[in-house]
Amino acid sequence: MAAGGGEGNSRINNRVVVVGGGVAGALLAKNMQFHADVVLIDPKEYFEISWAQLRSMVQPSFAERSVINHTDYLTNGRIITSSAVNVTEAELKKPDNKEPRSDPHFSHLNDRHFGSSKDSQKIKSSRSVLIIGGGPTGVELAGEIAVDHPEKKVTLVHKGSRLLEFIGLKASKKAMDWLTSKNVEVLLGQSIDLDSVSEADGVYTTSAGEKITADCHFVCVAKPLGSSWLQKSVLEDSLDQKGRLLVDENLQVRGHKNIFAIGDITDVPEIKQGFLAQKHAMVVVKNLKQLIKGAGKNKLATYKPSSAIAIVSLGRKEAVAQLPFITVIGCLPGTVKSRDLFVSKTRKEMGLNHRKA
Ligand SMILES: Cc1cc2nc3c(=O)[nH]c(=O)nc-3n(C[C@H](O)[C@H](O)[C@H](O)COP(=O)(O)OP(=O)(O)OC[C@H]3O[C@@H](n4cnc5c(N)ncnc54)[C@H](O)[C@@H]3O)c2cc1C
């Protein structure tokens, strides 16, 4: 989106370049497409609902509704299937440096990806599975396998002293008790050296010297933010030490009136979650519309960081939920999340058919 007019004039031309078509970027692009000239840059041709990926690993048909081509929701915008490699004051560059030319415009990125049908085959053909990492991804994957394949031996190794360290102690304990009740063996305070991990001989040694036998393994540890390319861009001074973009209450990148950041890449002090990334996107949609109209900073919507709310699914029917004053486990939170994993809701938000066939 190019800045227009002279100094002091906040009106901007209406090109919006969205870098990253993940949870936040896809929603933003979809909602801006009839208000601006939208260009979406993403290395993939599709957007995958990340919280449905683990179900797709045990039930590949689930991916049919949770993997969405960018062309399905972005009918009035341009899609560039590539990674952005630089942002300058005058343009946003992709590797061949051809298009798009414009002033930069916002975004977010965090490239985390799980396969599905290949992983599903791997799980099916294994008698024992090792899961490395006891955050939400590791716990949800262990739950999916334990419920769908109770005959398989599942071991989860986590280097922390408790599961789900991103939320409270009660949720950790409830998740631990549930997994143990499903015969998942959980080893806390131990890690597996990821540099030497291999499925070749089926034996894994933990940092405590314990040997685990497993036919396959899945690494479920958080990947670093994919923002290193911004270190050599005009945004280098707007990054914190963790590689996150510093934003103000309007989600504008500090020091840049025409660049917004949304989603996991921001330094907003809250748990990094998709439903919050979607809220960021909708705040920025409002702000972009205001800027296009020529409104000043005082007319922009603000974003207030959220308190620690999370629902971690445990198989098809159950979940553990941490809410502001209570932590609950079982079928009630399971009804909210685990049956459909918010796929219908997300598809509806993206303007797509959300009913199951
Ligand atoms: C397995 C799993 C389960 C999860 N479960 C939940 C859940 O139950 N509830 C919840 O709220 N959240 C959940 N999350 C977290 C949620 O997925 C993230 O918070 C959310 O995806 C963040 O959205 P985002 O748009 O910031 O990043 P992403 O959705 O990660 O999107 C980033 C996009 O940027 C693209 N990109 C990267 N580099 C570049 C580049 N240089 N140029 C162009 N594009 C680039 C990537 O390809 C990607 O499409 C889960 C995450 C995972 C991995």
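Two strands count as paired here if DSSP finds at least two bridges between them. I keep that in mind for what follows. The model is predicted.

**Entry 1**

I started with Ala 321. Its bridge partner in E16 is Val 328. I then counted the bridges between E15 and E16 and found 4, with the two strands running antiparallel. A hairpin of 4 residues joins E15 to E16.

Next I went to the other neighbour of E15. One pair I looked up is Val 312, whose partner in E15 is Val 320.

I put the strands in order. The 3 strands form an open sheet, E14-E15-E16, with antiparallel pairing. Strand E14 (310-314) and strand E16 (327-330) are the edges, since each pairs on one side only. From one strand to the next the twist averages 10°.

**Entry 2: Leu 323**

Where does Leu 323 sit? I found Leu 323 in the loop between E15 and E16. Why is Leu 323 classed as partly exposed? I counted 14 other C-beta atoms within 10 Å of Leu 323. A buried residue needs 20 or more, and an exposed one has 12 or fewer, so a count in between gives partly exposed. I also checked Leu 323 against Ala 310. They are 13 residues apart in sequence, and their C-alpha atoms are 6.9 Å apart in space.

**Entry 3: a parallel pair**

I wanted a parallel case for contrast. Strand E8 (residues 128-132) and E9 pair in the parallel sense over 5 bridges. Val 129 has Val 154 as its bridge partner in E9. Strand E9 (residues 153-158) is mostly covered, with 5 of its 6 residues buried.

**Entry 4: helix H6**

I took the span of H6. The helix has 13 residues and reaches 18 Å from first C-alpha to last, close to the 18 Å expected at 1.5 Å a residue. How many residues of H6 are buried? I count 11 of the 13, so I note H6 as mostly covered. Among the buried ones are Pro 136, Glu 140, Glu 144 and Ala 146.

**Entry 5: the ligand shell**

I listed what surrounds the ligand. The shell holds 34 residues, and Gly 20, Gly 22, Ser 50, Gly 263 and Gly 274 come nearest. By class, I get 14 nonpolar, 14 polar and 6 charged. Helix H6 (136-148) turns up again, as one of the elements that supply at least two shell residues. The others are helix H1 (23-32), strand E2 (37-42), helix H2 (53-58) and helix H8 (274-293).

**Entry 6: the nonpolar cores**

I looked at the largest nonpolar core last. It has 45 residues, and Val 18, Leu 28, Ile 262 and Val 284 touch the most other members. Strand E1 (15-19), H1, E2 and H8 each give two or more residues to this core. H8 gives the most, with 8 residues. H1, E2 and H8 are also on my list for the ligand shell.

Ala 146 is one I had already noted as buried in H6. A general note to close: in soluble globular proteins, nonpolar side chains tend to be buried together.

Key. Residues are numbered from 1 along each chain as its sequence is written. This is a predicted model: local features need pLDDT of at least 70, side-chain atom pairs count only at pLDDT 80 or more; totals for chains, interfaces and linings use all residues. A residue is near a molecule or strand if its C-beta atom, placed from the backbone, lies within 6 Å of it. Ala, Val, Leu, Ile, Met, Phe, Trp, Tyr, Cys and Pro count as nonpolar, Asp, Glu, Lys and Arg as charged, and the others, Gly among them, as polar. Axes are lines fitted to C-alpha atoms, for helices over the stretch in contact, and angles run from 0 to 180 degrees between N-to-C directions. The expected span of a helix is 1.5 Å times one less than its number of residues. A nonpolar core is a set of buried Ala, Val, Leu, Ile, Met, Phe, Trp, Tyr and Cys residues joined through C-beta atoms within 7 Å.
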